[in-house]
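I opened my notebook to look through one structure, piece by piece. Here is what I looked up.

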Amino acid sequence: MMGRLNDKVAVVTGASSGIGEATVRALASEGAAVVAGARRKERLEGIVEEVTRDGGKAIAVECDVTDERQAHALVGRAIEEFGRIDILVNNAGVMLLSKVEKGLSDEWRRMFDVNVLGLLYATDAAVGAMKRQGSGHIVNVSSVAGRRTRPTVGVYSGTKFAVNAISEALRQEVLEDGIRVTVVEPGAVATELTDHITDEEVREGLKRRRIEPLQSEDIANAIAYAVGQPQRVSVNEILIRPTQQAN
Ligand code: NDP
């Protein structure tokens, strides 16, 4: 497989479905060796099999990013198998929407654990190796909800506002090490993300939404664009909405 990412090594978290899965395929098709991490190992193995059949290079690694050791081990596998880590895509995320007054504290914790702490653990693991290499690229999948919020989206938005803040500080901290940081902020994408929402009112509201959503490939293409730029180019932020999405 030949492309803009020949000889690059990428790690993608939350690679078993949706945007993460599409990103594994997109980066592998550009020539990167990809370490695909998530909890559902069988799903990962199916994706890796297809990527390999199409001439790409990928491995599946079972990883719960909320476990700091597992997040570090995921990045460690890239170095063990392929000798380096050029790209980390922090994509793993959960969106458990509900009004704050519902008090679903287990869901608040899960969102902060996966969306914020999981991202930090994997980033911490990757930055050390990238500094030693003198180059690297971290892509954090945020959301339109990382820029604005509305009822029922508050806590999820809080995690994505945190992702944006952490990303911007990190960008400034590591730019002299040749490390680039990109935030990608999708609007509605047709994935499994909403399947985990437990609040019936929110689920009903989402069913009434009548816009054509983005596909996971639309976001994967944006990520491939950002990481495929020459070293002098740092794509800081990409906001992508479906054409019919107002806010
Ligand atoms: P999916 O539900 O399809 O994918 C989420 C991925 O995250 C899955 O691969 C899941 O894998 C993984 N994941 C969840 N928890 C963990 C964990 N503890 N450890 C490791 N992996 C985990 O949804 P999307 O593809 O839509 O979501 C990807 C990202 O995009 C998220 O960060 C989401 O917030 C963001 N986003 C999505 C939008 C949308 O409309 N779909 C809009 C804006 C942003 P597994 O269960 O196997 O661990």
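**Entry 1**

I started with I138, which is buried, with a relative accessible area of 0%. The model I am reading is a predicted one. I counted I138 as buried because the cut-off is under 20% relative accessible area. I then looked up its element: I138 sits in strand β5, residues 136-141.

Which residues does I138 touch, leaving out those up to four places away in sequence? I found L88, N90, T123, V127, M130, L170, R180, V181 and T182. One of these, T123, I checked by distance. T123 and I138 are 15 residues apart along the chain, yet their C-alpha atoms are separated by 7.5 Å.

**Entry 2: Strand β4 and its partners**

L88 stands opposite I138 in β5. I looked up the pairing of the two strands. β4 and β5 pair in the parallel sense, over four bridges.

Next I checked the other pairing of β4 on my list. Strand β1, residues 9-13, runs parallel to β4, and three bridges join them. Here V11 stands opposite L88.

Are the faces of β4 covered or uncovered? Both faces of this strand, residues 87-90, are covered. I87 and V89 lie on one side, L88 and N90 on the other, and all four are buried.

**Entry 3: Strand β7**

Which strand pairs with β7? I found β6, residues 179-186. The two run in the parallel sense over four bridges. For one bridge I noted the residues: V183 has E237 in β7 as its partner.

**Entry 4: T159 in helix α5**

I moved to a helix. T159 is found in α5. T159 counts as buried, at 0% relative accessibility.

What does the side chain of T159 make a polar contact with? The partner is the side chain of N115, at 3.1 Å. I also noted a backbone atom: the oxygen of Y156 lies 2.5 Å from a polar atom of the T159 side chain. Leaving out residues up to four places away in sequence, T159 touches M111, F112, N115 and V116.

**Entry 5: Around the ligand**

Y156 came up again here. Of the 29 residues around the ligand, it is among those that come nearest, with S16, R39, R40 and T191. I sorted the shell by residue kind. It divides into 13 nonpolar, 11 polar and five charged residues.

I then looked up distances to oxygen atoms of the ligand. A polar side-chain atom of R40 lies 2.8 Å from one. For G14, a backbone N or O atom lies 3.0 Å from an oxygen atom of the ligand. For L193, a backbone N or O atom is 3.4 Å from a ligand oxygen.

How much of the ligand's accessible area does the protein cover? On its own the ligand has 880 Å², and the protein covers 95% of that. Last, I asked which elements give two or more residues to the shell. They are α1 (18-29) and α5 (154-174). Helix α5 is also where I found T159.

Key: Residues are numbered from 1 along each chain as its sequence is written. This is a predicted model: local features need pLDDT of at least 70, side-chain atom pairs count only at pLDDT 80 or more; totals for chains, interfaces and linings use all residues. Side-chain values use heavy atoms; hydrogens and water are left out. A residue is near a molecule or strand if one of its heavy atoms lies within 4 Å of it. A polar contact is a pair of N or O atoms within 3.5 Å; within protein, one must be able to donate a hydrogen and the other to accept it, and residues adjacent in sequence count only if both atoms are side-chain atoms. Accessible areas come from the Shrake-Rupley method with a 1.4 Å probe; for residues, only the protein chains shown count as cover. Ala, Val, Leu, Ile, Met, Phe, Trp, Tyr, Cys and Pro count as nonpolar, Asp, Glu, Lys and Arg as charged, and the others, Gly among them, as polar. Buried means under 20% relative accessible area, exposed over 50%, partly exposed in between (1.4 Å probe, protein chains only). Contact means heavy atoms within 4.5 Å. Two strands pair if DSSP finds at least two bridges between them.
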